[in-house]
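Welcome, and thank you for taking a look at this protein with us.

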Amino acid sequence: MRKDVRILLVGEPKVGKTSLIMSLVSEEFPNVVPYRAEEITIPADVTPERIPTHIVDYSEAEQTDEQLFQEISKANVICIVYSVNNKKSIEKVTSHWIPLITENTDKDSRVPLILVGNKSDLVEHSSMETILPIMNRHSEIETCVECSAKNLKNISELFYYAQKAVLHPTGPLYCPDKKDMKPLCVKALTRIFKVSDLDNDGILNDNELNFFQRTCFNTPLESQALEDVKNVVRKNLSDGVCDNGLTLQGFLFLHTLFIQRGRHETTWTVLRRFGYDDDLELNQDYLFPPLKVPPDCTTELNHNAYLFLQSVFDKHDKDRDCALSPEEMRDLFDVFPYMPWGPDVNNTVCTNDQGWITYQGYLSQWTLTTYLDVQRCLEYLGYLGYSIIAEQESQAAGITVTRDKKIDLQKKQTQRSVFRCNVFGDIGSGKSGFLQAFLGRNLMCQKTIREEHRSYYAISTTYVYGQEKYLLLHEVFPDFDYLSDADLACDIVCLVYDVSNPYSFEYCTKVFKQYFMDSKIPCMMIAAKSDLPEIKQIYGCSPLEFCRRHKMPPPQSFTCNTAAAPSRDIYTKLTTMAMHPHVSQADLKSSTFWLKASVGATVFAVLGFAMYRVLLKPR
C-alpha cells in the first residue's frame with residue numbers, strides 16, 4: 001500500500017475549491033476565502049485509512065500553466081470541482097479539464113478522477129443526470145460526490161472517496177461496461193483461491209474460509225455469517241456452493257458483488273495480503289524479502305519450510321503414489337506465472353519407473369534451488385503462499401543461513417545438511433554416468449536420456465552416522481581455461497578418470513595440482529568404468545601412487561554398467577568426507593571409519609519412505 005496520498009483540486013474559478021479545503025480543516029465555512037489555500041497535510045491517525053494525506057489547491061489567478069502541469073503529474077488523485085448551479089463549469093469538466101489531465105499524465109497509469117459538485121445548498125435539484133453520462137464515457141472517473149462547503153455536507157466523504165480512489169481503485173479490478181471483473185483480477189483471485197484451498201478439493205470448506213478470513217481480516221467468521229455468505233452465493237449462482245463449501249466461481253462472484261456494491265476495499269485487502277500491488281502483479285518486496293547471506297555461508301530450507309513443502313506435495317499427490325504425475329505437477333505449479341521446472345529436473349532428482357518425480361526427488365529439487373539460488377527459492381515459495389499458509393512474516397523465515405565454513409573447520413563439526421561435490425574429469429571419463437548413478441540409474445537407463453534434457457546437477461539424500469544429509473553433485477565442464485569461482489567452491493572434489501583410457505588420468509592430475517593441491521577441500525579420485533579392462537595410465541606415476549603422495553584416499557572403483565541400480569557406497573563416502581574435512585588420511589584409510597559412517601544408511605532410507613506413507617494414512 002502507498003505511504004501517503006496526494007489529492008489535487010482543480011476546476012473553474014469561483015466553484016469553491018478553496019472553500020472545500022478550508023471547511024474540511026476548520027469544520028466551518030470561512031467568511032474570508034483566499035485565492036488559494038496552502039498545501040495541507042492530514043496526519044495518518046485522523047484519516048480512515050491511516051495514511052498521511054496531502055491536499056493541494058489550484059488557483060488560476062496565482063499559478064501558471066506550468067505549475068498546474070507539475071501538480072497534475074505529482075497527484076495520486078484529482079478532484080475536478082464544478083458548481084451544481086453553473087452549467088458552464090459542468091461543461092468545462094469534459095471540454096477542458098479531463099483532456100488537460102489526460103495530456104499531462106502517463107497513458108499507462110491514468111490518475112483516478114473524482115467529480116465534485118459543490119454548492120448543493122443553492123439548488124433543490126441534483127446534477128447527477130448530467131454527470132452520469134460523463135462518468136460512463138470516462139473510465140478513469142471513480143465516482144461523483146455532490147457537496148456543500150457552506151453547510152459542510154459530504155465534505156469528509158469527498159476526501160474519503162478521493163483517498164479510497166488511490167488506495168482501493170476500481171479501475172484495475174472492474175470493467176463497468178461488461179459489469180464484470182477484469183482478467184488480471186480474476187487471475188489473481190484464482191491464485192488466491194487455489195493457495196487457500198488447503199486440501200485441493202476445489203472448494204473452500206468452513207475451516208479454510210475461516211483461515212482465509214483470519215489471514216486477511218484478523219478475525220474469524222461466525223458460523224451464521226458463514227451461512228449467510230453461502231446463501232447469498234446460492235441465490236445468485238447455481239454452481240457457487242458445492243458440498244457446503246465455496247467453489248472458485250462462488251468466490252469470484254462474491255468479490256464481483258463487493259466491487260459492485262462499492263466495497264472494493266474488501267477485495268483490495270485480500271489482494272494485498274496475498275502480495276499483489278496496484279497493478280495486480282505480485283509485489284517485488286513480497287517475492288524477494290530481505291535475506292543476508294555472508295560470504296562462505298550457504299542457504300538451506302529449515303524444518304518449517306520442509307513441512308510446508310511436504311503439505312504442498314500431499315495436497316497435489318491425489319493418487320497417493322508418492323510421485324507427481326505430469327498432470328499433478330501442472331496442477332501444483334498452476335499458481336506460478338510460468339512453469340519453473342523443465343525436463344532437466346527429471347534428470348537431476350530421483351524419479352519412479354515412469355519418470356515422474358518422487359516425494360524424495362521433489363524435496364531434493366527444492367533443496368537444490370535453495371542452495372544454488374536462494375532468491376529464486378524465495379520467489380517460488382512466494383507463489384505458493386508460504387508466508388500466509390505457514391503464518392510467517394515472509395518466505396525468508398523458511399531459510400537457514402549456515403555459519404561460515406571456516407568456523408566449521410575450527411570447531412571440527414558442522415550443522416549443515418547440504419554438501420556440494422564438484423565433479424571434474426576429461427570428456428568421456430564417465431562424469432555424467434557418475435551423476436545419474438547417484439539417482440539409481442544404471443547405464444541402460446542413462447541411454448534413454450535425451451541430450452537436450454541432460455542435467456549437470458544431481459541431488460539426493462545419503463545417510464552418515466544415521467543422519468540424513470543431501471549430497472549435491474555438480475558436473476564441471478572440462479574446459480581448463482574457464483573454471484569460475486562457482487566451479488571451485490564446494491565441500492569436496494571428485495576427480496573422475498576412465499580406467500580404459502590411458503590419457504584420462506592426466507586431466508585429473510592437472511586440475512588437482514592447479515586448483516586443489518594447496519586448498520583445504522578434500523578430494524577423492526574415482527576410477528570410473530571399472531567393468532572394462534584397466535589400461536595403464538600414461539603419466540609419471542600410477543593413480544594409486546599419486547593419491548598416496550598427495551594424501552588422498554586410494555582411487556575408488558566405480559561402474560554404472562550394472563544389472564540393478566549402481567552401488568551408493570561411494571556417495572556415502574563423499575558425504576562423510578565433506579562433513580569431516582578435518583579427518584586425517586589415516587582415518588580415511590580405516591575401514592572402521594567408513595563402516596561407522598555408513599551404518600544405518602539402508603535402514604534410514606527405507607524408514608524415510610515408510611514415514612511418509614504413515615503421514616498419508618490419516619488422510
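The largest nonpolar core in this predicted model has 70 residues, and Y362 and W366 are the ones with the most contacts inside it. Leaving aside neighbours within four places in sequence, W366 is in contact with L301, L309, W341, C377, Y380, L381 and L384. A second, separate core has 27 residues, including L473, I526, F558 and C560. As a general background, nonpolar side chains in soluble globular proteins tend to be buried together.

**Helix α15 and what follows**

Some of the partners of W366, among them C377 and Y380, bring us to helix α15, which spans residues 374-384. This helix is mostly covered, with nine of its 11 residues buried. The buried residues of α15 are V374, C377, L378, E379, Y380, L381, G382, Y383 and L384. Just after the helix comes G385, with a positive phi of about 80°.

**A covered strand, β20**

I526, one of the residues of the second core, also sits in β20, where it is buried. How many of the six residues of β20 are buried? Six of the six are, so the strand is largely enclosed by the rest of the structure. Both of its faces are covered: C523, M525 and A527 are buried on one side, and M524, I526 and A528 are buried on the other. Strand β19 (residues 492-498) pairs with β20 in the parallel sense, over six bridges. In that pairing, C494 has M524 of β20 as its bridge partner.

Follow the chain into the loop between β20 (523-528) and α22 (543-549), and you will find Q537. Is Q537 buried or exposed? Its relative accessibility is 7%, so Q537 counts as buried. Apart from neighbours within four places in sequence, Q537 is in contact with Y497, D498, V499, N501, P502, Y503, S504, F505 and P543.

**V77 in strand β4**

V77 is placed in strand β4, which covers residues 77-83. With a relative accessibility of 0%, V77 counts as buried. V77 and I7 are 70 residues apart along the chain, yet their C-alpha atoms are separated by 5.2 Å. Beyond the neighbours within four places in sequence, the contacts of V77 are V5, R6, I7, L8, V111, P112, I114, A162, A165 and V166.

**Two helix pairs**

Two packed helices are described by the angle between their axes and the distance between the axes. Here are two such pairs, side by side.

| Helix pair | Angle | Distance between axes |
|---|---|---|
| α1 (residues 17-26) and α5 (residues 155-167) | about 105° | 9 Å |
| α18 (residues 431-438) and α23 (residues 569-579) | about 95° | 10 Å |

The angle of about 105° makes α1 roughly perpendicular to α5. On the α1 side, L20, I21 and L24 meet I155, S156, L158 and F159 of α5. By class, this contact has six nonpolar residues, one polar residue and no charged residues.

In the other pair, the angle of about 95° makes α18 roughly perpendicular to α23. F434, A437 and F438 in α18 meet I570, Y571 and L574 in α23. By class, the contact of α18 with α23 has six nonpolar, no polar and no charged residues.

**A three-stranded sheet**

Three strands form an open, antiparallel sheet in the order β9-β11-β10. The edge strands are β9 (203-204) and β10 (241-242), each of which pairs on one side only. β9 is joined by two bridges to strand β11 (residues 245-247), and the two run antiparallel. Within this sheet, L204 stands opposite L246 in β11. Helix α9 (residues 248-260) lies across β9 and β11, and it runs at about 80° to β11.

The loop between β10 and β11 holds N244. N244 has a positive phi of about 65° although it is not a glycine. Its relative accessibility is 37%, so N244 counts as partly exposed.

E391 lies in the loop between α16 (386-389) and β15 (399-401). Its phi is near 55°, a positive value in a residue other than glycine. Is E391 buried or exposed? E391 is exposed, because its relative accessible area is 52% and the cut-off for exposed is over 50%.

Note on methods:
Residues numbered from 1 in each chain as written. Heavy atoms only, no water. Helix = DSSP H or I, 4+ residues; strand = E, 2+ residues; numbered from the N terminus. Buried < 20%, exposed > 50% of the residue type's maximum accessible area, 1.4 Å probe, protein only. Contact = heavy atoms within 4.5 Å. Pairing = 2+ DSSP bridges. Axes fitted to C-alpha atoms, helices over the stretch in contact; angles between N-to-C directions. Core = buried A, V, L, I, M, F, W, Y, C linked by side-chain atoms within 4.5 Å. Parallel < 35°, antiparallel > 145°, perpendicular 65-115°, else oblique. Nonpolar A, V, L, I, M, F, W, Y, C, P; charged D, E, K, R; others polar.
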